[in-house]
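Please have the sequence and the structure open as you go through the numbered points.

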Amino acid sequence: MSEKGHYKNRIELLQGTLDMLILQTLQWGPQHGYGIVQALRLRSGDVLQVETGSLYPALHRLERQGWVQSEWKQSESKQKARYYRITAKGKKQLASDLGRWERIVEAIGSVMYVKPEESAS
Amino acid sequence: MKWFPSFGFQRRSRELQEEIDAHLQMAIADRVARGETAEAARQAAMREFGNIPLVQEVTGDMWGRGWLEQLGRDVRYAFRQLRKSPGFAITATAMLAVAICANSTVFSWIDGTMLRPIPGARDTGDLVSLQRGERNFSPVPPLSYLDYRDLREQNHTFSGILAYHHDWITLTGGAKPERVFIANVSANYFDVLGIKPMKGRFFLTEEEARAAPDVVLSYSLWKTRYAEDPAIVGKSIEVSRHPLTVIGVAPEGVVGAMPGLRDDLWVTLDPLGNDGWRMTHRDGGAVWLNVIGRLRPGVSRDQAAQDLDTVMRNIVAAYPDQHLGDNRISLDPMWRSPFGANGYMAATLPILLAFAVVVLLLTCANVATLTLVRFVSRRRELAIRQSLGANRIQLVRQMVLEGVVLSIVAGAVALALTTWTSKTFAWFFRASSSPGTLNGSMDHSVVIGIAVFSLLAGILCGALPAWRSSHAPAVEILKAESASISGGSSNRKLLSGLVVAQIALSLPLLLCSGLLLRTLRNLAGANPGFEQDHILTATVGLNIAGYSHDEVQLIRHKILDRVSALPGVKVASFTDWIPMTLGHKAEDAYPEGYVPHPHESLQVYHAEVAARYFESLHIPILEGREFTPDDDEKAPRVLIVDQTAARRYWPGQDPLGKNLRIWGRIFTVVGVARNSTHMFVNESPQPMVYMSFFQEGYENIVQVETEGNPADLAPAVENTLHEIDPRLPVFDVRPMRESTQLASSFAVIQSTLAGMFALIGLVLAVTGIYGVVSYRTQMRTHEIGLRVALGASRRDVLRLVLSQGVWLTGIGLAVGLAFALGLTRVIARLLYGIGANDPVTMVYVVTVLGAMSLLACYFPARRAMLRNPVTAIREL
C-alpha cells in the first residue's frame, strides 16, 4: 500500500474531528497553516500533533466546501503567508459538529462509566 | 510529466508550494528564536513537515479537477499500468493492429473502387448507370445514339444524361505507335460528371453530332507523352494517322466514366464525320453507347427508371423493327454499376469486409480475455483504490481508458500498415489488355474508418472487463484470500463465454476460407472446354492504325502465312476475342421467320474467328464443318453455333443449313461446336455464335498453337509481325493461360484474404483458449495440489483440466457451426464445384479447430499434472 493511501486513511479516520478542531481554532481569528498546528499543540498540551499531510488537504477541502476563506497576508514577522478565516457557513458547521461531538462523548461516556449494580441486573 | 496543462491547476500548485514554503520558514524562524542553529532548525522543520511532494499530491486531490486534468491523469495512469506488463501491452497492441489493418485494408479497397467509381466527378451518389433488357452481370452497351438522344431530351427526372463508348486506338506520329484508351463521348460528358478542364475547354454542344476533330487529353497522357507542354492547347496530334486538335486537358486523376478502367483521350461521338451510319441507326452495330445519368435532386432511382421506361416504350412503339427483344430500362448506382469493374467489386469486397469485421470481433474477444485475466490478478489493487474512495465510475473509466489507449496505439500502427497494404490490391490483377486502374486508396474516409474501428475495438476490449470487475465487491476481495483460488465464479463464467465466443467466431472464418480455397482449386482444375496451355495470342492494331480496308485484308493474310511458317508453330489463326478475359460481345439473333414476343431477350454472345480456330483450341466440331479460308467477304455469310445456341433456336432439329438474322443480315449455320467457357468457369452457359473472321472480324488477335512453351515463341511472332510492316502496332503478346487467369482474379482475392483472415482467427482462438485454461489451472494450483495429496492420480488431474477445455471447445464449436451455416449462405454465390454446406470441409474444419484447441488445453494440463503437490499446496 502506498504512503499516499496511508495518509488518506488517517484523514478519513480523523475527518470529522480534525475539521472541527480547525474550525474551532479559526474562531479566535484568521490563522495560517503553521499557526493552526501550533495552536492545536499548545491548547492540547502537546497531545494533538496534527500532521501536515492531514492538515493541508483538510484546509483545502474546507475552503472548497465554503466553510473557510483564504487570503495572502504579511504575518507580524514580515512573512507572507496564507491566512484562513472561518465563514458564516463554517460557523454553522462548527456548531453542528460540536453538537454531534458532545453526543458521541456522552454516549461513549455512558458506556464506559456504567455503575456496577446496573450492569449486574 | 504534464499531458494536459491547465492554468488553474498550475496556479494552485504554485500557491500551495508558496504556502508550504511559508510554513517551513515560520517553523525555522521559531526554532532559531529558541536558540537552534539555522542548519539544525531547517533540518528539523523539514523532518517535522514530512514528505513535501506527497503533501502536495494529497492536497491537490482535494481541489477537484477539470475533466481534462482528470483525463490526463487517467491516461498517465493507463500508460503506467501498461508499462508494468509489457508482454500484455505488446501482444494486445499487435493483435489489434493486425485486426484493424485487415478491416481498413479491405475498406480502403472499397473506398478506392466502389465508393469512388468515377475519380474527379462531383456527387457520384446522384449518378446512375443504365441497362436495357434482361439484367446482366456483364452487359454490353445498351443504346444507340438516336435512342440515347431521345431519352436525354424526353425525360423529366435527370439533370443530365451522358453517353460514352470505351475503346482503344493508337497514337501515331511518334517513333513507335502507342496504344491508348479512348472514349467517344457525348458533348455534355464532362458537364454531367461535374468536371472542369485543367487547361483549355471541353466539348461544345454543337460539336456533338457533326465532325469535330477535337481531342481532350488526360492529365497523365499530357504529362508522359507531351512532357506537360504548357502550350498544348491548339496543337495538333496524330491519332490513328488522323490529325486531331487538342482543345483541353482534364484535371489530374480524371480517368473517365467507366469504373476501374482508364481513358487517355476523349473525342466526340463522330470526330471525323465518317461514321454517319452509326449516328443515324437504332439497331445492330449502332447500339454502342454506355449511358450514365445524373438524377435531379429528390428523384429516386425507381422514379427515374419508370420515367425512362415510359420514354423507351414510346421509342419502341415508333421503331418496333429496330427494337426487337427486351427493352426494359433498369438503373444501378455507380458503386455496383455492371459496366466496368464495380459489378465484380460489389460481389466480392463487402463479403471480405464482413470477414474482416469478424476478425476484429474475434480479436476484441481475445484482448478482452487477456484484459480480464489481468484485471482479476489486479483486483486487489482495484479493491484498495475503491476503498480509498475511488468511485466505480472512476474505476470503469480508468479501465476503459486502458483499452482505448491500447487500441489508439494499435490504430496508429494500423494506419502506417494500411498506407502500404491499401496499394496491394493491384497485385491481384494480371497485366491484361484492359486498362485497369483498380487499387485501394488511403484518404480521409479510410483514416476515419480506422479511427472508428479502433475506438470500437477499444471500447469492446475495455468495457466488458471493466464492467465485470467494477461489480466485484471490494470488501469481499480484500478479506477473502480464498477468492483468489478460483478467481470468482462470475469471472470464470465470463472468461468461459469469451473463449466460447472466440471459437465460435473463428469456425465460420475457417469454414468460409476452406470453401473458397476449394473453389479456387476447382476453378483451376476445371476444364474450360478449350486448350489454353500451348496457345500464344498477340493483338495487332490493324484497323486503328489507319490502313485501308483492302490493305487490312492483305496484311491479315500475310500474317497468317508468315506466322504459320515459323518453326514451333503448329497452327496460326485469327480471332477477335479471347475467352475468360472478363469481356464478351453480344448481339440479338433471330432465327429466320421467327417473330419474337415483346420483351423476349434473344441476346447471344458472338465471336469472329478464322479458319483452324477450333482446331488450335481443340474445340471439337460436333456437326458440319469448321470455317475455311474460303469463307470470306465474297462467299455467303456463315455461322458456327455452340450446343447451347443450337438447342435454343432449333430444339430437336438439325441446325445445319438453318438461317439466323443478326444485324439484319442472314447467316447460314454450317457447323455446331462443343460448348466451352466464355467468361467464367462457373457461368451459366450462354448461347454463342461464331462468325467467320474474314467476313465480320474487327479486332485482330493472332492466335498461335505452339509445340513447346508459348512464351518462348513470343519474340519470334512479334518480329514476324514487325517484318510485315514496321508500323504495325503489336500489343499483349502473351500465353493464353496468363490472359485467362483474369477470370479467376476475384476467386484468388476471395480465397487469399479469407485464408489469411481464417489463419488469424485460428491463432487467436487457440491462444485464447490456451491463455484461459492455463490461467485457470494456475489459479487452481493449490486445489490441484490438495487433490493429488489426497490421492488423485496424475491421470485424474489431466482429466480435470482437459475436461474444462473440452467443454468450452465443444460449446464453441456447436455455436460456431450454427453461426457458420448462416454465413456460408452469403458466400454460396461465390462457390464452384462445392456446396455451401459441404460436409467434408465442415468435418475437416471442425477437426482442425477442435484438435488445435485441445492441444492448447493439453499443455497447461500437463504442467499441472507434473507439478509437485507439496510445492503446489504451499503456493498460495
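1. A definition to begin with: a nonpolar core is a set of buried Ala, Val, Leu, Ile, Met, Phe, Trp, Tyr and Cys residues joined through C-beta atoms within 7 Å. A residue is buried if 20 or more other C-beta atoms lie within 10 Å of its own, exposed if 12 or fewer, and partly exposed in between, with C-beta atoms placed from the backbone. This is a predicted model, in which local features need pLDDT of at least 70 and side-chain atom pairs count only at pLDDT 80 or more, while totals for chains, interfaces and linings use all residues. Residues are numbered from 1 along each chain as its sequence is written, and chains are lettered from A and ligands numbered from 1 in the order in which they are written.

2. Let us start with the largest nonpolar core, which has 177 residues. Ile100(B), Phe355(B), Val359(B) and Ile769(B) are those with the most contacts inside this core. Its largest share, 19 residues, comes from helix α11 (residues 342-377) of chain B. Helices here (H or I, at least four residues) and strands (E, at least two) are DSSP runs, numbered from the N terminus. Apart from this core lies another, of 55 residues, with Val638(B), Leu639(B), Phe694(B) and Ile701(B) among them. As general background, nonpolar side chains tend to be buried together in soluble globular proteins.

3. Which residues does Val359(B) contact, leaving aside its neighbours within four places in sequence? They are Ala99(B), Ala102(B), Leu509(B), Phe757(B), Ile760(B) and Gly761(B). Contact here requires that the C-beta atoms of two residues, placed from the backbone, lie within 7 Å.

4. Axes are lines fitted to C-alpha atoms, for helices over the stretch in contact, and angles run from 0 to 180 degrees between N-to-C directions. The crossing is right-handed; a crossing is left-handed if the near helix is turned anticlockwise from the far one by less than a right angle, and right-handed if clockwise. From α24(B), Ile769(B), Val773(B) and Thr777(B) meet Val801(B), Gln804(B), Gly805(B), Leu808(B) and Thr809(B) of α26(B). These residues divide into 4 nonpolar, 4 polar and no charged, where Ala, Val, Leu, Ile, Met, Phe, Trp, Tyr, Cys and Pro count as nonpolar, Asp, Glu, Lys and Arg as charged, and the others, Gly among them, as polar.

5. Ile811(B) also lies in helix α26 (residues 794-827) of chain B. With 16 other C-beta atoms within 10 Å, Ile811(B) is partly exposed. Ile811(B) and Gly497(B) are 314 residues apart in sequence, yet 9.6 Å apart in space, C-alpha to C-alpha.

6. Do look at the two chains together as well. The axes of helix α3 (residues 52-64) of chain A and helix α3 (residues 52-61) of chain B come within 8 Å and cross at roughly 25 degrees. α3(A) and α3(B) are therefore roughly parallel, since angles under 35 degrees count as roughly parallel, over 145 as roughly antiparallel, 65 to 115 as roughly perpendicular and the rest as oblique. α3(A) passes α3(B) in a right-handed crossing. Thr52(A), Gly53(A), Tyr56(A), Pro57(A) and His60(A) meet Leu54(B), Val55(B), Val58(B), Thr59(B) and Asp61(B).

7. Within chain B, the axes of helix α6 (residues 145-154) and helix α10 (residues 301-318) come within 10 Å and cross at roughly 130 degrees, so α6(B) and α10(B) are oblique to each other. Asp147(B), Asp150(B), Leu151(B) and Gln154(B) of α6(B) make the contact with Leu308(B), Val311(B), Met312(B) and Ile315(B) of α10(B).

8. Two backbone angles deserve a look. Arg612(B), in the loop between β15 (603-609) and α19 (613-617) of chain B, has a positive phi of about 70 degrees although it is not a glycine. Arg612(B) counts as buried, with 21 C-beta neighbours inside 10 Å. His618(B), likewise not a glycine, has a positive phi of about 60 degrees, and is partly exposed, with 15 other C-beta atoms within 10 Å.
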